[in-house]
Amino acid sequence: MLPQTLRRFGQKLVCKRRLKEPVAEDDPQRTLKTLDLVALGVGSTVGVGVYVLVGEVVSNQAGPSFVICILVAGLSSVLTGLCYAEISARISQSGSAYLYSFVTIGEIWAFISGWNLILSFVAERAIVFSTWILTFENLRGNRLSQTVQESISAHVPPVLTEYLEFSALGFVLLFMEFRNIWYFRSFSTSTPAKVVILVKLLALSFVITSGFIKGDLNNWKLTEADYVKAGLNDTSTLGPLGDGGFVPFGFKGILRGTATCYYAFIGFDYIVTKVESAQNPQHSIPMGIMVSLFICFLLYFGVSSALTFMVPYYQLQPGSTLPEVFLHIGWVPAYCVVAFAFLCILSASLSRFVRPIHRVLYMMAKDGLLFRFLIHISYFHYTVIMDIVIVGPSAAIIFFFGVTDLLDLSAVGSLISCSLVALCVLILRYQPEENEAKVQEEDVSAAEKLTLQRLLFPGSPTPTPLSGWVVRVCSSLLVLLLTLLCLVLTQGPVLLSGDPVWISVVVVLLVLITGITGVIWRQPQISNSLHFKVPALPLLPLLSFFVNVCLMMQTTAATWVSFGVWMLIGFALYFSYGIQCSWVA
């Protein structure tokens with residue numbers, strides 16, 4: 001009796017959702033072209049991140065090697081983008097990591113994915129609030145306000161200079177209202193949205209150009225003598241200034257900074273929510289994802305190079321924002337221009353998070369994993385409720401945590417969801433095109449017929465229930481082994497010291513990972529034609545998973561404590577409500 005109960009419980013955890021009928025290719029609602037999707041991806045990705053990462057990463061994590069952090073984070077996002085591109089072409093339904101996990105690996109993993117997406121959006125909201133506080137503190141009470149007032153007092157009315165921060169606040173609130181009106185319209189009529197994106201691109205392009213005009217290559221190779229010359233005495237150990245040079249905080253600082261910089265690339269996955277609105281989605285969705293990521297990478301790489309050229313990294317403190325760089329070089333008008341664009345992006349970000357979190361909560365509630373009354377709340381009322389519910393907790397989060405912890409918390413939530421998408425791509429490529437129920441019924445009998453010869457030589461050019469089951473089991477083992485490998489690699493100093501025990505552990509893990517990957521490689525792949533497929537399967541999805549887990553390992557203990565509390569709340573909801581009320585089960 002107990003084994004049967006446990007088996008039914010296990011089947012509930014991994015039950016999968018069936019897809020609805022896809023929207024017809026000639027449906028009138030398919031209005032989005034590739035250019036629209038690229039604009040959507042760039043607009044969703046280029047947000048507040050590039051403005052707040054300056055002070056958080058450059059000052060005490062990476063220094064001038066901030067450029068390398070952006071490069072590595074960009075490559076990681078490209079690997080994730082490749083996985084999203086294939087799975088969105090294979091599953092022709094608007095969704096997210098939550099839907100892809102539900103269709104491929106089961107209910108419990110879908111809940112984890114959706115719950116972490118919510119975490120990412122809530123943390124992003126808190127980051128925006130925190131940045132608001134930093135911005136208006138600078139405008140109101142710091143020397144920035146005085147400098148700007150003195151510079152523009154001859155050109156604007158005295159009332160505006162005396163109440164500069166309130167004037168800026170009024171503009172931002174007006175812009176927010178415009179943004180909310182835009183959200184109620186369809187994307188095809190949102191020409192103003194593309195104007196906002198153009199403002200972002202022009203502002204960042206101005207930063208890049210300014211950096212190469214006012215830049216100094218010596219800022220990439222600072223020494224102790226430069227610190228003394230700058231008036232930073234007591235530099236015998238340099239403390240938080242690091243060791244100088246291009247990598248003042250060492251390789252560990254680059255890894256730590258890369259984990260934080262991943263936040264800047266969050267948002268491109270919003271494109272996959274438009275699968276049912278896209279013309280020729282098998283072509284336009286992958287193209288939109290990859291082109292938007294490439295544009296974002298070029299912008300971020302250029303901005304990171306420019307600002308580390310312009311200003312010595314020790315002049316940027318945690319809490320500094322990108323426009324403040326121009327005050328360090330005496331370009332007050334440039335500060336005004338970039339700060340204006342900064343306020344536009346902040347205003348857009350304040351509204352941007354509501355629609356994605358509404359979509360995820362709606363899907364989870366519709367599937368019965370969260371409370372079903374969430375289905376019946378309109379978008380307008382939802383916006384008001386979310387502001388009331390999240391503004392308070394966000395203020396508390398800002399009080400107890402720094403901006404870096406919030407950036408890491410948002411990145412961890414997204415990295416977990418992206419890792420599950422990579423796993424879904426790996427599994428789906430090797431599954432047979434058969435009725436899902438039939439596959440599940442044959443899993444046990446297929447496992448009984450498994451032999452070493454059939455493991456390495458399946459004997460079929462197309463996937464079978466047996467080969468699909470082998471890939472699912474091997475993928476689960478690889479998730480465990482790659483996570484263990486990432487944990488071991490965090491003991492970098494011990495490994496470099498040549499400790500034979502730790503080195504033996506690494507070797508054993510690598511041998512097991514290589515062997516299991518080889519088993520997956522020997523299984524037949526599905527033969528249906530897609531416009532885009534992830535190359536070098538199974539290596540690239542596994543590499544994406546490995547890089548994502550490595551980045552998560554670089555975050556602070558405070559981040560993991562917060563994440564643990566969030567997941568405990570989520571599991572309490574799921575096992576007390578979701579598993580019993582799920583419509584899929």
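Helices H4 and H13 run roughly antiparallel to each other, a label given to angles over 145 degrees, with those under 35 called roughly parallel, 65 to 115 roughly perpendicular and the rest oblique. The angle behind that label is about 175 degrees, and the two axes sit 9 Å apart. Here an axis is a line fitted to C-alpha atoms, for helices over the stretch in contact, and angles run from 0 to 180 degrees between N-to-C directions. H13 spans residues 281-310, while H4 covers residues 66-90. Helices are DSSP runs of H or I with at least four residues, numbered from the N terminus. Where H4 meets H13, the contact residues split into 18 nonpolar, eight polar and no charged. In that tally Ala, Val, Leu, Ile, Met, Phe, Trp, Tyr, Cys and Pro are nonpolar, Asp, Glu, Lys and Arg are charged, and the others, Gly among them, are polar.

The model is a predicted one, with local features needing pLDDT of at least 70 and side-chain atom pairs counting only at pLDDT 80 or more, whereas totals for chains, interfaces and linings use all residues. Residues are numbered from 1 along each chain as its sequence is written, and side-chain values use heavy atoms, leaving out hydrogens and water.

Now for the charged pairs. A salt bridge is taken as a side-chain nitrogen of Lys or Arg within 4 Å of a carboxyl oxygen of Asp or Glu, and the count by this rule is three. One of them joins Arg90 to Glu86, at 3.2 Å from N to O. These two residues are four apart in H4, so about one helical turn separates them. Glu86 is buried at 1% relative accessibility, and Arg90 is buried too, at 17%; buried means under 20% relative accessible area, exposed over 50% and partly exposed in between, using a 1.4 Å probe and protein chains only.

Glu86 also pairs with Arg429, with the closest N and O atoms 2.7 Å apart. Because Arg429 lies in the loop between helix H18 (403-428) and helix H19 (436-448) and Glu86 in H4, this bridge ties together parts 343 residues apart in sequence. Arg429 is buried, with a relative accessible area of 4%. Another bridge links Arg256 and Asp408, whose closest N and O atoms are 2.5 Å apart. Arg256 belongs to helix H12 (residues 250-261) and Asp408 to H18, so parts 152 residues apart in sequence are tied together. Both ends are buried: Arg256 has a relative accessible area of 14%, and Asp408 one of 0%. Through shared partners, Glu86, Arg90 and Arg429 join into one network.

Aromatic rings come next. Across the whole structure, 18 aromatic pairs turn up. Rings of Phe, Tyr and Trp (its six-membered ring) pair if their centres lie within 6.5 Å, with planes under 30 degrees apart called stacked, over 60 edge-to-face and the rest tilted. Trp220 and Phe246 make a tilted pair, 5.0 Å centre to centre with 55 degrees between the planes. This pair links distant parts of the chain, 26 residues apart: Trp220 is in the loop between helix H10 (191-214) and helix H11 (224-229), and Phe246 in the loop between H11 and H12. Phe246 is partly exposed at 26% relative accessibility. Trp560 and Phe563, by contrast, are edge-to-face, since their planes stand at 90 degrees, with ring centres 5.5 Å apart. They are three residues apart in helix H25 (residues 557-581), about one helical turn. Trp560 is partly exposed at 31%, whereas Phe563 is buried at 11%. Finally, Phe111, Trp115, Trp566, Phe571, Tyr574 and Phe575 gather into one aromatic cluster.
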